[in-house]
Amino acid sequence: MQRKTLAKPDGRQLHLYSRTEITSDPAPSPGTDALHPNPHLRWHPLRAEWVTYAAQRQGRPFLPPSDYNPLAPTTNPEFPTELPQGDFEIAVFDNRFPSLALEAHDPPDSIVPTAAGIGHCEVVVFSQNASDSLTTMELGKLELLIKVWTERYLEIGALEQIKYVMPFENRGVEMGVTLHHPHGQIYAYDHVPPIPARELEQQQRFFDAHGRGLLEDIIGTELEADERIVARAASVIAFIPAFARYPFE
């Protein structure tokens with residue numbers, strides 16, 4: 001796997017990945033001003049969990065016309081996007097409108113407890129082609145994507161403030177996606193969110209009782225049943241344990 005890291009005009013980082021040598025123009029950005037996001041958390045007394053508030057996300061692009069796709073490579077220097085022209089397969093950059101930020105500080109007062117929204121958010125662009133999707137990508141490209149997830153997982157997770165890293169795919173307006181270009185995100189938290197915490201607790205209980213991983217057991221059962229997981233999916237799943245680990249200490 002090849003990697004090339006560039007600095008955007010607004011100070012954010014851009015990482016380009018490929019299975020072959022990478023060439024690219026300088027990193028572009030839709031804006032040049034340095035961004036200072038300051039999200040915060042509010043305690044939900046009924047659910048007993050933190051809820052993220054990031055007002056600056058209201059300014060993010062929302063289903064723009066096809067001739068202005070922020071996740072496609074820049075074609076007109078007067079209207080820069082997030083990606084440069086070049087020979088690369090996958091791109092990762094700091095989210096311009098993050099829900100969490102390492103520099104978050106001074107949360108506002110409220111009738112409930114608040115805290116700084118400490119964390120980190122990145123966008124993962126799966127392809128330069130806006131019509132691609134995970135379901136149509138060749139296995140070699142999917143393998144590269146999982147290697148990218150793994151590298152970002154380990155690199156972000158090594159940050160002192162980070163306790164949990166979650167890569168996921170964005171697809172479909174039903175779940176609130178604002179750009180149709182094939183992409184995902186990586187959210188990194190300074191705490192383990194409640195649902196992953198419960199899942200990890202269940203996995204630990206299963207391992208203590210049976211001496212093997214719960215996800216490993218489920219995947220093995222699925223493959224043996226041969227009803228839902230096709231060979232293509234199974235070959236991709238084989239790479240998942242590389243980053244599906246317990247939270248960082």
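What is the relative accessibility of Asp-33, and does Asp-33 count as buried or exposed? Please start there and then follow the chain onward.

Reply: Happy to! Asp-33 has a relative accessibility of 59%, and because exposed means over 50%, Asp-33 counts as exposed. Keep in mind that this is a predicted model. Asp-33 sits in the loop between strand 3 (23-24) and strand 4.

Next, find Lys-8, which belongs to the loop between strand 1 (2-7) and strand 2 (13-18). Lys-8 has a relative accessibility of 4%, so it counts as buried, since the cut-off for that word is under 20%. What does Lys-8 touch, leaving out residues up to four places away in sequence? Its contacts are Leu-14, Ala-27, Pro-28, Ser-29, Glu-82 and Phe-93.

Strand 4 covers residues 40-44, and it belongs to an open sheet of 3 strands with the order 5-4-8 and antiparallel pairing. The edge strands here are strand 5 (49-53) and strand 8 (114-116), each of which pairs on one side only. From one strand to the next, the twist averages 35°.

You can trace both sides of strand 4 by its bridges. Towards strand 5 there are 5 bridges, and the two strands run antiparallel. Arg-42, for example, stands opposite Val-51 in strand 5. Towards strand 8 there are 3 bridges, again with an antiparallel run. On that side, Leu-41 has Ala-115 in strand 8 as its bridge partner.

Now follow the chain out of strand 4. Strand 4 and strand 5 form a hairpin, with 4 residues between them. Ala-48 lies in that loop, and its phi is positive, about 55°, although Ala-48 is not a glycine. Why is that worth a second look? Most residues other than glycine have a negative phi. Asp-106 is another residue to check: its phi is positive too, about 45°, and it is not a glycine either. You will find Asp-106 in the loop between strand 7 (90-94) and strand 8, and its relative accessible area of 61% makes it exposed.

The secondary structure comes to 4 helices and 11 strands. Of the 249 residues in the protein, 39% are buried. Among contacts between residues at least 6 apart in sequence, 63% join residues at least 24 apart. The accessible surface comes to about 13900 Å², and 54% of it belongs to carbon and sulfur atoms.

Helix 1 has 19 residues (139-157), and at 1.5 Å a residue it should span 27 Å; the C-alpha atoms at its ends are 26 Å apart, which agrees. Several of its residues are buried, among them Leu-145, Val-148, Trp-149 and Arg-152. An α-helix has 3.6 residues a turn, so residues three or four places apart point the same way.

Finally, look at the aromatic rings. How many aromatic pairs does a search of the whole structure find? There are 5. In one of them, Tyr-164 and Tyr-189 form a tilted pair, 6.5 Å centre to centre with 50° between the planes. This pair links distant parts of the chain: Tyr-164 is in strand 10 (residues 164-170) and Tyr-189 in strand 11 (residues 183-189), 25 residues apart. Both Tyr-164 and Tyr-189 are buried. Phe-168 and Tyr-187 make an edge-to-face pair, because their ring centres are 5.3 Å apart and their planes stand at 75°. Phe-168 lies in strand 10 and Tyr-187 in strand 11, so this pair ties together parts 19 residues apart in sequence. Phe-168 is partly exposed at 23% relative accessibility, whereas Tyr-187 is buried at 12%. Together, Tyr-164, Phe-168, Tyr-187 and Tyr-189 form one aromatic cluster.

Methods
Residues are numbered from 1 along each chain as its sequence is written. This is a predicted model: local features need pLDDT of at least 70, side-chain atom pairs count only at pLDDT 80 or more; totals for chains, interfaces and linings use all residues. Side-chain values use heavy atoms; hydrogens and water are left out. The expected span of a helix is 1.5 Å times one less than its number of residues. Buried means under 20% relative accessible area, exposed over 50%, partly exposed in between (1.4 Å probe, protein chains only). Two strands pair if DSSP finds at least two bridges between them. Axes are lines fitted to C-alpha atoms, for helices over the stretch in contact, and angles run from 0 to 180 degrees between N-to-C directions. Contact means heavy atoms within 4.5 Å. Accessible areas come from the Shrake-Rupley method with a 1.4 Å probe; for residues, only the protein chains shown count as cover. Rings of Phe, Tyr and Trp (its six-membered ring) pair if their centres lie within 6.5 Å; planes under 30 degrees apart count as stacked, over 60 as edge-to-face and the rest as tilted.
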